[in-house]
Amino acid sequence: MLRLDERDAARLAGEEGPAVALAMRVVTRVAEAMEAERLLDIVGAHIDSCLFTGMASLDFAGRLADDGARVSVPTTLNVSSLDLLHPELSRGDAEEVRLSRRLMDRFEEMGCRPTWTCAPYQLEERPGFGEHVAWAESNAIVFANSVLGARTHRWGDFIDLCCAITGRAPAAGLHLDANRLATTVVRLNGVSDELLDRDVLYPVLGGLIGPLVGKAVPVIVGLPDGVSEDRLKALGAAAASTGSVGLFHVAGSTPEAPTLDAALGGRAPVAEFEVGPEDLRAARDRLSTTDDDRLRTVSLGTPHYSVGQFGRLVEVLGDRRIHDGVNVYASTGRDVLREVELRGWADRLVDAGVQMVVDTCTYFTSIIEDTSGTSMTDSAKWAYYAPGNLGVEVVFGSIEDCVESAVAGRVVRDEGLWTRV
Amino acid sequence: MVAGEASGEVLRLDEPLSFWGGLDPTTGRIIDRRHPQVGESVADRVLVMPSGKGSSGGSSVLCEAVRAGTGPRAVLMAEPDEIIALGAVVADELYGRLVPVVVLAEGIDGLHTGDRCTVSGQTVSAYSARRS
């Protein structure tokens with residue numbers, strides 16, 4: 001039974017106006033659906049509802065903005081449907097572009113920061129260990145919980161804004177201690193040191209874990225200690241897209257898993273899975289939809305590339321150029337782009353033929369010039385969603401595979417990485 | 001999770017579905033190419049599935065589908081999913097159209113595509129198409 005404090009009850013009754021009342025109604029109805037007993041304070045929010053999915057997006061944000069809603073906690077905005085710095089990239093319907101822009105404006109009117117990134121954890125300010133936030137965007141949620149040790153449930157579109165307006169979230173799900181302990185162990189067995197040392201392992205492992213564990217909280221054993229944030233980001237994004245993972249632990253790497261036992265809270269796991277080289281190879285294969293090697297597009301930066309990932313791209317590309325007839329897109333946030341420009345990397349990449357994309361991403365917007373041939377990506381999330389959203393055929397590969405292919409003008413992959421022991 | 005009244009023909013999914021990136025709200029069809037029921041329409045069906053999954057944009061897609069008249073009449077799942085419940089709550093707030101979202105304690109094994117199904121409050125009754 002949900003108990004509201006005096007202020008929550010007053011706001012629900014409309015004492016702070018119709019916008020706050022509507023936001024409170026959504027928060028409390030979801031709290032009741034989750035059987036929460038109370039609401040809790042949040043210190044920040046990240047909003048996904050700013051991505052236009054149809055008139056419902058605009059109807060909801062518009063109703064709140066028209067009624068004078070303002071966010072009451074620092075609030076960042078996820079990707080939108082438009083790249084405002086490179087508007088010429090849009091191939092979308094003019095009316096949809098207008099509506100998408102209108103939606104973005106409404107969120108700015110309500111006091112949200114126009115960050116337009118799906119990787120708010122790459123911004124300067126990010127939530128600290130143990131802090132409660134209300135984040136939407138599945139990859140951001142899983143990163144906040146797993147890598148930062150901050151606390152957010154898997155909040156979806158609409159309630160993200162309602163939490164930001166009220167500063168409150170249901171005390172339920174991953175906000176609560178008891179639901180953060182691992183119940184499932186995923187143990188790597190027989191994976192080569194070479195593969196353990198490569199970025200490409202992590203999105204593949206995430207794509208394998210998603211359907212395997214569903215909504216459970218897994219702890220992964222058998223990875224090297226101190227796995228980097230970029231690798232954990234790729235793992236989480238993949239597990240959150242292919243399954244419903246909102247929190248994972250990596251023994252020896254993530255803050256709530258100094259040891260396997262700590263991640264499990266001293267309890268025995270409900271389920272244990274072993275993952276070997278063959279499972280990983282099969283998981284990698286499932287990320288591709290074609291073996292046609294006629295390459296037209298390479299999409300990088302899902303989730304938005306970090307400065308470190310751009311550094312790796314620059315290093316792998318060297319002084320080579322992208323092959324004629326191949327479009328390479330690299331998506332990121334404006335803050336990261338600024339840093340990449342300062343380092344002189346942006347000019348080098350653009351000169352070599354790479355198209356920078358900000359504010360949005362290439363797996364749901366009409367940016368890709370030629371969707372007819374094969375698209376390649378280093379992102380399991382892109383590989384998972386783009387065929388449905390855009391109708392493209394996709395080949396998943398490492399960043400090295402993607403660059404070699406872009407330079408060669410056809411798909412080239414290092415198959416040996418998946419068979420050597 | 002969201003109580004209400006609805007009845008219709010069951011569409012049973014064999015695997016979880018992410019509404020965002022998995023369902024086209026302009027047509028009501030499943031577009032996730034890796035999903036076993038890709039191409040099926042959820043419009044005016046009682047959608048039965050193991051659970052939701054994936055994107056937090058699922059609530060927007062469900063709400064938009066309800067607005068556009070391509071949404072399911074009810075969603076029945078074996079496990080709770082707040083993102084789906086949220087989409088139903090907001091569609092009710094904005095458009096006054098309530099799509100009940102119910103978690104079945106006994107699971108979804110007894111429900112099959114083509115069954116007739118009625119949801120009343122939190123209670124679900126179904127009539128098998130095969131028996132009739």
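The structure is a predicted model, in which local features need pLDDT of at least 70, side-chain atom pairs count only at pLDDT 80 or more, and totals for chains, interfaces and linings use all residues. Residues are numbered from 1 along each chain as its sequence is written, and side-chain values use heavy atoms, leaving out hydrogens and water.

**The interface**

The size of an interface is often given as the accessible area lost when the parts come together.

| Item | Value |
|---|---|
| Residues of chain B in contact with chain A (heavy atoms within 4.5 Å) | 37 residues |
| Residues of chain A in contact with chain B | 50 residues |
| Buried area (accessible area lost, 1.4 Å probe, summed over both parts) | about 3,300 Å² |
| Salt bridges (Lys or Arg side-chain nitrogen within 4 Å of an Asp or Glu carboxyl oxygen) | five salt bridges |

Carbon and sulfur atoms give 52% of the buried area. A salt bridge joins the side chains of B:Asp81 and A:Lys215, with 3.4 Å from N to O. On the side of chain B that touches chain A, two or more residues come from each of helix 1 (58–68) and helix 2 (82–95) of chain B; helices are DSSP runs of H or I with at least four residues, numbered from the N terminus. Helix 2 of chain B gives the most, with 10 residues.

**Helix 13 of chain A**

Within helix 13 (residues 334–342) of chain A, A:Val336, A:Leu337 and A:Val340 are buried, that is, under 20% relative accessible area (1.4 Å probe, protein chains only). Seen down the axis of helix 13 of chain A, the buried residues fall within an arc of 100° (taken from the directions from the helix axis to the C-beta atoms), so they line one face of the helix. Just after helix 13 of chain A, A:Gly344 has a positive phi of about 80°.

Technical notes: Chains lettered and ligands numbered in written order. Buried area = accessible area lost by both parts, 1.4 Å probe. Buried < 20%, exposed > 50% of the residue type's maximum accessible area, 1.4 Å probe, protein only.
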